[in-house]
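The following note sets out numbered points for a colleague who is reviewing the model. Please read them alongside the sequence and the coordinates.

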Amino acid sequence: MRFTTSIVYVMLSLAILSRTSQRAGAFVVQAKSTSRIPWSTRSCSALASTASSDVLEKLTSSMSVTHPAFDIVDSDVVKEYGAYCTMYQHKKSGAQVLSVAADDDNKVFGITFRTPPTDSTGVAHILEHSVLCGSRKYPTKEPFVELIKGSLNTFLNAFTYPDRTCYPVASQNTKDFYNLVNVYLDAVLHPRATSDPYVHAQEGWHLELSSRSSDLVYKGVVYNEMKGVYSSPDSLLGRESQRSLFPDNTYGVDSGGDPRVIPTLSFEDFRDFHATKYDPSNSRIFFYGDDEVEKRLEILDEYLNEFEDKGTASETKVSWQKKTFTEPKRETHPYPTTPDQPQTHMVNVNWLLNDSPLSSDELLALNVLDHLLLSTPSSVLRKTLMESGLGDSITGGGLSDELLQATFSIGLKGIKQEDVSKVEDLIHETLAKITMEGFEDDAIAASMNSIEFQLREFNTGSFPRGLSLMLGSMSNWIYERDPTSNIKFESALAALKSDLESRGDSVFTGLLKRFLIENTHRSTIEMVPDTALEKKQVDEEKAILAEIKSNLSDNELDEIIEKTAELKRLQALEDTPEAIATIPSLTLSDLDKEVKEYPIAVTDNYADTGITVVTNKMVSTSGILYATLAVDVSDVPLSDVPLIPLFTRIAMETGAGPYDDVQLSRRIGTYTGGVSVRMSTSGVMEDDADDLVTEGTKLTSKLYVKGKATKDNADKLLEIFNLVLTDSKLDSQAKIIEMLKETRSRVESSIQGSGHSYANSRLMSRYSVNGFIGEQTSGITYLKSVKQYLDMAENDFPALLAKLEGIRSTILKANKCRDGMIMNLVADEDVLNESKDDVEKFLNGLPGDASPEEKFTNFYSEEHPWATQAKAVMGDVKNEGFVVPTQVNYVGQGARLYDVGEKMKGSASVIARHLRTGYLWDTVRVIGGAYGGFCTLSGGTGIFTFLSYRDPNFVGSFEAYEAAADALIEQAENLTSEQLATAIIGAVGDLDSALSVDAKGATQFARWLANESAETRQKHRDEILATSKEDFIEFAKRMKERMTKEKMSTAVISSKGSIEEAIEQGREMEIVEVL
């Protein structure tokens, strides 16, 4: 997997946690006035430690563990996160190791190499894929896939950055964890790929030819992945922006690979890159968790003692790009579009911020500045650009600081050609104005508190905390700097607060002036629509290949044909039992047999409010209350349901009650850890239906107002809940037009980049009522609705306003609404007790009668109103091809595998997973060259779908899907006990993800809302554990009968030319223009 620099750390880096999805937070009471409050009083208390004295003693002692093969270089305690760190260096190899002991059973390992490329052949990216294709100790074709099949991992992947490659794993099971560590270490240090050119051919690129008369084509997993990336206008803009700022160092090339350049990478250069970059002396090795440090060091020494420190690690150091531009640069580049699309432009203004290291204090201050400028809809630069009407949505993403040098990029897309210069001028004028006028105190308070809340809470959800620490440390460590300084924040935060108290907002205006206003190392990238670009690129590739072929002799052609056949033979060849046996694995006895349950208490008519309260009392939530109010929306007509996502966004972004949009945003930022509003539908377990397949007509539909705050600010959090639900400003026409334009742009980009998810949504909508409703609010149909609402907002706003007001009045109907309201609270006992009065006051203040006259339908036994309406409008099942400008395909095919009323055992999920990680991986990805090939099975509705991602094939993938049943029958009949155990272990691993404390509460709440009993969950787990060979055979025969070409329908996202070619080959499809 390759992440661009604008993606990885936006979610994960500690340095920019402020840019996660909920940008808000505060621990202190903020005065209502905007007069300055001394920053020394704006300090949040440290979160309570839950570690016992015995645990603390063990963590402390871990820092003094020694091993004869290692020197202790340094030790440190990151008190902010209870991380006890010891830096070791392996004496013989020179490898650096950061061992972090923590009271966390979700253990993490990662090995990272500095891999700065000198060209855009994608060598680092291709090597990332290739080293996981077999190694000295584990000679299977793909140990990585074998691990996926039968591991309890909570994370298993690899990342290619512009200057480094990371290989992280995580697991809560110690035996499983060390299995993963061993496989990954052998993979990176002794890969088969460096001696087997066919691995480079499969994962990177190769020429493919089936006969002398056929056309020569390029194939390869990374090659095709990057063709998909280069089909995305947003990706093209980001790549040109980065390249333009770095003409002299590694960041000026594409580590992922340019499809036009990838075919120039030779096997020899590929092999040499590994030899020079994948040496232990050039690595950074990371361990985290509650396992024994001695064991970590023993495992490492087994691998590292074969290597001598060559003293060559300095050769991989990333050189600094000096800020040499004496005046800004401007470039124009094309992006692919279709004649039916609006021919709009995109523009980014980009700055290189530094050419020497930034201090921790500067980095934190820059992140707060970034938050002030862009991180919320009310942030001044974002707000100014969006309200200008010059474009549809923001581009650039602001600050990026995970590499050696930080950058800042900002712009718009969806711009008329004549407005491009206006956008550039507006960016510069706005920044200059901010420098002159400064930031308001309440804006600074909101941004400061938002970042502080998130740093202290350190809520990474299901993502391993240790991996977040690893990635945060790596953005220093990889550049020969202190790894722990980048994951601490107390000192930098205190310094920033002190600086603010003495200098006020000049702290930020000074940074703005220094890094942006007076910085001439700046570029402007304009992307221009080109309706002929896609065809031009296809024709150019065909011409290159035709020329190559014309210059080849018959013997050379025969050699390519032979190599093509040999590669396919090797790809189809199954690993021997002896090779598979080398992969370390768990046994069924290593699995937890019981489902993990979390505390829950349900109180109907809580405090005589008429509202149900569901409480999840946890051991500790570190003083934080996690609250959710669910409001029933089932009385809204189905025809207006696609409008609810806009309604929820309006609730957060236009202001509410006495607050305008800016004031509301800042109040959320100052007093809470974030507030959000969304609508969701979910299927439920029907009364007395147990685990039978249903039509999907029994479901819940709720609008959820969610948020979190410290117990001291629970009253303010709940006050905001009330305001956004009952008193949001629905009449903000300009803001609503702005939102709809941004939504249109976002969904269009998403369809191009994640077409598989839209194909799946479309398939599900044909067979399930719930799937049909979901597609109306998040699929291709939703895009059509958004365009209609935008037209209405611009040309008949009173009609749109009436619909929005109708939604609010319907869901808050006085004599009914409280019957459908549910409050979910996740907190520890102390927080629940201290917030009790605030909760009661909030519930009593909500709209509606405490004893409502009307009642909602029992959705566990009666058909949902939307289901009744949906069945009346659902059309016939049909095959569709959706046209977007792209060089790759997203191929979907599916049908109902289980009929309504049939029982589907837990074993079905084991078998579907086996099919995904086995046959589909081998056939669609490895042999077919797609970046992904997988399947889904809906437990409630019995719908089965096949999907591919960034696929060079079209009809070939259909044929693979249609042959899946026969392949599964053959596998089932020859299934060994070891293969069966592996499949079961993998399925259990999917059930047991690591959860944060709030996610545990949310999980149990969702289970309760779905009417799912603990007994049902345990029965499902028992059925998974009891999966048999006979279950495989029965499932395969069912597929053989029902998943045929004639019975399955198709949904494909592709170019018009590819769809028409498939139709010519006999695939019936209705062509639908999407954009």
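**Review points**

1. Leu374 is buried, at a relative accessible area of 8% (buried means under 20% relative accessible area, exposed over 50%, and partly exposed in between, with a 1.4 Å probe and protein chains only). The residue lies in helix H11, residues 360-374; helices (H or I, at least four residues) and strands (E, at least two) are DSSP runs numbered from the N terminus. Leaving out residues up to four places away in sequence, Leu374 touches Ser379, Leu381, Arg382, Gly397, Gly398, Phe408 and Ile410, where contact means heavy atoms within 4.5 Å. For Gly398, 24 residues away along the chain, the C-alpha separation from Leu374 is 6.9 Å.

2. On provenance, this is a predicted model, in which local features need pLDDT of at least 70 and side-chain atom pairs count only at pLDDT 80 or more, while totals for chains, interfaces and linings use all residues. Residues are numbered from 1 along each chain as its sequence is written, and side-chain values use heavy atoms, with hydrogens and water left out.

3. On overall form, the protein has 38 helices and 29 strands. The C-alpha atoms fill a box of roughly 80 × 70 × 65 Å along the principal axes. Of the 1075 residues, 61% are buried. Among contacts with a separation of 6 or more, 82% join residues 24 or more positions apart.

4. Which residues have the most contacts inside the largest nonpolar core? They are Phe721 and Met823, in a core of 91 residues. Helix H23 (residues 714-726) supplies the largest share of this core, eight residues. A second, separate core of 81 residues includes Ala170, Leu404, Leu469 and Ile478. A nonpolar core is a set of buried Ala, Val, Leu, Ile, Met, Phe, Trp, Tyr and Cys residues joined through side-chain atoms within 4.5 Å. Beyond its neighbours within four places in sequence, Met823 has contacts that include Ile611, Val613, Leu718, Phe721 and Phe842.

5. Most residues other than glycine have a negative phi. Glu480, however, has a positive phi of about 65 degrees; Glu480 is in the loop between helix H15 (465-477) and helix H16 (490-503) and is partly exposed, at 42% relative accessibility. Ser622 also has a positive phi, near 55 degrees. Ser622 is placed in the loop between strand S17 (612-618) and strand S18 (624-632), and its relative accessible area of 23% makes it partly exposed.

6. Is Arg1042 buried or exposed? At 15% relative accessibility, Arg1042 counts as buried. Its place is in helix H37 (residues 1029-1042). Not counting residues up to four places away in sequence, Arg1042 touches residues including Tyr898, Asp899, Glu902 and Lys1047.

7. Ala532 is partly exposed, with a relative accessible area of 43%, and is found in the loop between strand S15 (522-530) and helix H18 (533-550). Ala532 and Pro336 are 196 residues apart in sequence, yet their C-alpha atoms are 7.3 Å apart in space.
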